[in-house]
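User: I'd like to learn how to read the features of a protein fold. Could you walk me through this one?

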Amino acid sequence: MFMYEAEEIKSAEILNNIILDTYQNYNLDEVLKIIKMTGFCIDYFGSGKPKNEKMYDKAIETLESLISDIDEAKKLRAFQSEVTILNSLYKKLTDEYVIPIEQQIPNDIHVAAYLIGLELFLSNDINLLKYKSELNNNRADYFENVAESAGNVLQYLLKYKKLPLENSGMEIDFEMTKLAFSHVRSSGNREILDMLREAWSYFEVDIKQEDIIEATSKSDKTMGKQISHMKFLDVRNAKQARHGYTQMQMFGNNSTISKTRKLPPSGFISYNERMTCDFIEEYFSTRNLSLKFLDISIAEFVRAYSIIAVECERYLKKRKLKSKYTHISISDVCVSKTKRKWIYLFVEWGLSHKNAEKIFDLLIFDNNSKDLFDCPLIKVGEEYIVLPSIASVTDPSRALLSNLKSKKVEINIKGELFEEQVRTIIQSAGIQFIHLEKNDYECDVVFTLDNDLFFVEAKHLNDPTSYREYIRNLDEIHDAVNQLNRIVDYYELEENLEVIKNKLGINSVNNVFRIVVTNTAQGEKLKINGVYAIDDIGFSGYMLRRPPRRHLMHKEAVHSTRVFQEFYEGVPNSMQLINFLEENPFIEHYKRRIEYVTYDYTEQLGLKFIDFGVKVNTIVNVDKLTESELEELNQLF
């Protein structure tokens, strides 16, 4: 059963029938997987009990009536123990961190004090953090995690607690701000619990309780999320490094902000806006910035985010923080303007007044917003503030896709664009192909190599950053596999196969292979029901004979070395392609860059969570490595 199907189970009776059927046809393990995925086992608001106690108790009652085997009874008790442990952790978080903060800060200043504390932390303390190794310097990841978790805290304060936020100029006792800053620390505690809960809900985690609770992630499938995210970061970091290297050569340290009303790609107001447009292709599978969502072009959305970023960069350069405060207001540390002034700024930099108003409304943080990257504008009375430390480093392309998704905007056009992109790759490789457009049996691409037929389904997904998003992507890939198998079974019928052979100009077919190509980086070798799955980076690299490279930048020179060269020799051929799909050398390579990371929350929560983490980052400054780190890097590559 897919995750999104399990989450839709709202009736104890329906769940009971699913348990009976799954236990009879499969086993207890499959039943427990479904129960975990429903989401009703754990209450992350900290009641200490299952989120839906009635459904949970009924499920346990049904399983106890079915089980007679001693080993299965032991397995069920272990599952119940894990549910109890996870709920106790969330209750501890609520009782010892969330409630005490709420009790000490007056309601009328609580949200404002938190926003001030958050901005001061992001703009100052993050620069003072020390990291254990230059092989794994994840300051950017840490910054993003804090900024993203801020969205959860704001949702809690504004949506669930309904606390007011009415005056950006109100002076607040700095001691209250320091108390509210505790939310940043507690959100770190919540984040680790959410990671653990998701890993347990969808993959494999061992949980044991003695003096403390110790949880350990297991299996290649669990590791797959980390590999997928790392591959995504590699692409992003490589592009950022290339842009940064180019900028340094062209402009040195000089500012590249220039005022223009021309929208990209005709004009750019900053070098970061230029780089953003390169990333649009990663998220939307297109370079066409005139494509519209909600009747607004991608170029206009990008410009709006870029305007806010530029305004925040300027503000940060002028802002002077004191070493000591007695009282402080939001307007002391954040960009604050009325709606009219924000709209004026948008229009001044090239947006039409009509679309400036529409985009402004879409960038306001509300009950459905994910975080402050997507929706940077926060309503404070009659003004709208922006936390400059977050908005100045936002990736507009990623923020836009996430924002549209959270607002349930139809963006199916990206799927069609990705299909065309896959066809373009095959055409560029000089390989003959056809697109089968028959109703109910459409196949994105069929091509031939050495009299073998390859049926291809192109699947556009969102890059996963969490265990939940990763399992959702795997479900989507499984769904694409089922669809492709149904289609290919139809075309393998003799009369249909003859039509394909004629269109491709071949006399015979030796073998038929099936491939799902995704736009998102994959974290594990996937061959599902006879169908290979590969990401477009691997697929396009193979087809276009572009092996991955390792780059060493030294002063003004860049030295590149090819890797996995054996899969790229000569022209594409059937045997080589199948070997490439079977081996998927990228996965084994990435596994070597991953290690177990211990998140030690013994003092805060009585928890140690041992999860998969990054051992070697995308970009490594060799000059800063210790001797042992340099030896480790040389062994790895």
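**Reading the fold**

Analyst: Gladly! Keep in mind that this is a predicted model. Let's start with a sheet: an open one of 4 strands, in the order β2-β3-β19-β18, with mixed pairing.

User: Which strands stand at the edges of this sheet?

Analyst: Those are β2 (204-209) and β18 (594-601). Each has a single partner strand, so one side of each has no neighbour in the sheet.

User: In which sense do β3 and β19 pair?

Analyst: Strand β3 (residues 213-218) and strand β19 (residues 607-614) are parallel, and 4 bridges connect them. To find this pairing on your screen, pick E214 and look for K608, its bridge partner in β19.

User: Which helix lies across β2, β3 and β19?

Analyst: That is helix α5 (residues 70-104), which runs at about 80 degrees to β2.

User: Now the interior, please. How should I think about a nonpolar core?

Analyst: The general idea is that in soluble globular proteins, nonpolar side chains tend to be buried together. In this model, the largest nonpolar core has 74 residues, and I35, F79 and F455 have the most contacts inside it. Helix α19 (residues 467-491) supplies the largest share of this core, with 12 residues. Apart from it lies another core of 48 residues, including I269, I280, L291 and A356.

User: Which residues is I35 in contact with, leaving aside its neighbours within four places in sequence?

Analyst: I35 is in contact with I19, F40, C41, A59, L63 and F79.

User: And how do I describe a pair of packed helices?

Analyst: Two packed helices are described by the angle between their axes and the distance between the axes. Take helix α21 (residues 536-543) and helix α22 (residues 574-583): their axes come within 12 Å and cross at roughly 155 degrees. An angle over 145 degrees counts as roughly antiparallel, and α21 and α22 are therefore roughly antiparallel to each other. The crossing of α21 past α22 is right-handed. On the α21 side, G538, Y542 and M543 make the contact, while α22 brings Q576, L577 and F580.

User: Why is strand β15 described as largely enclosed by the rest of the structure?

Analyst: Count its buried residues: in β15 (residues 531-535), 5 of the 5 are buried, so the strand is largely enclosed by the rest of the structure. Both faces are covered, with V531, A533 and D535 buried on one side and Y532 and I534 buried on the other.

User: Which strands pair with β15?

Analyst: Let's take two of them. β13 runs parallel to β15, and 4 bridges join them; there, V517 stands opposite I534. Strand β14 (residues 526-528) pairs with β15 in the antiparallel sense over 3 bridges, and L526 stands opposite A533. β14 and β15 form a hairpin with 2 residues between them, and N529 in the turn has a positive phi of about 50 degrees.

Key
Residues numbered from 1 in each chain as written. Predicted model: local features only at pLDDT ≥ 70, side-chain atom pairs only at ≥ 80, totals over all residues. Heavy atoms only, no water. Core = buried A, V, L, I, M, F, W, Y, C linked by side-chain atoms within 4.5 Å. Buried < 20%, exposed > 50% of the residue type's maximum accessible area, 1.4 Å probe, protein only. Contact = heavy atoms within 4.5 Å. Pairing = 2+ DSSP bridges. Axes fitted to C-alpha atoms, helices over the stretch in contact; angles between N-to-C directions. Parallel < 35°, antiparallel > 145°, perpendicular 65-115°, else oblique. Left-handed = near helix turned anticlockwise from the far one by under 90°.
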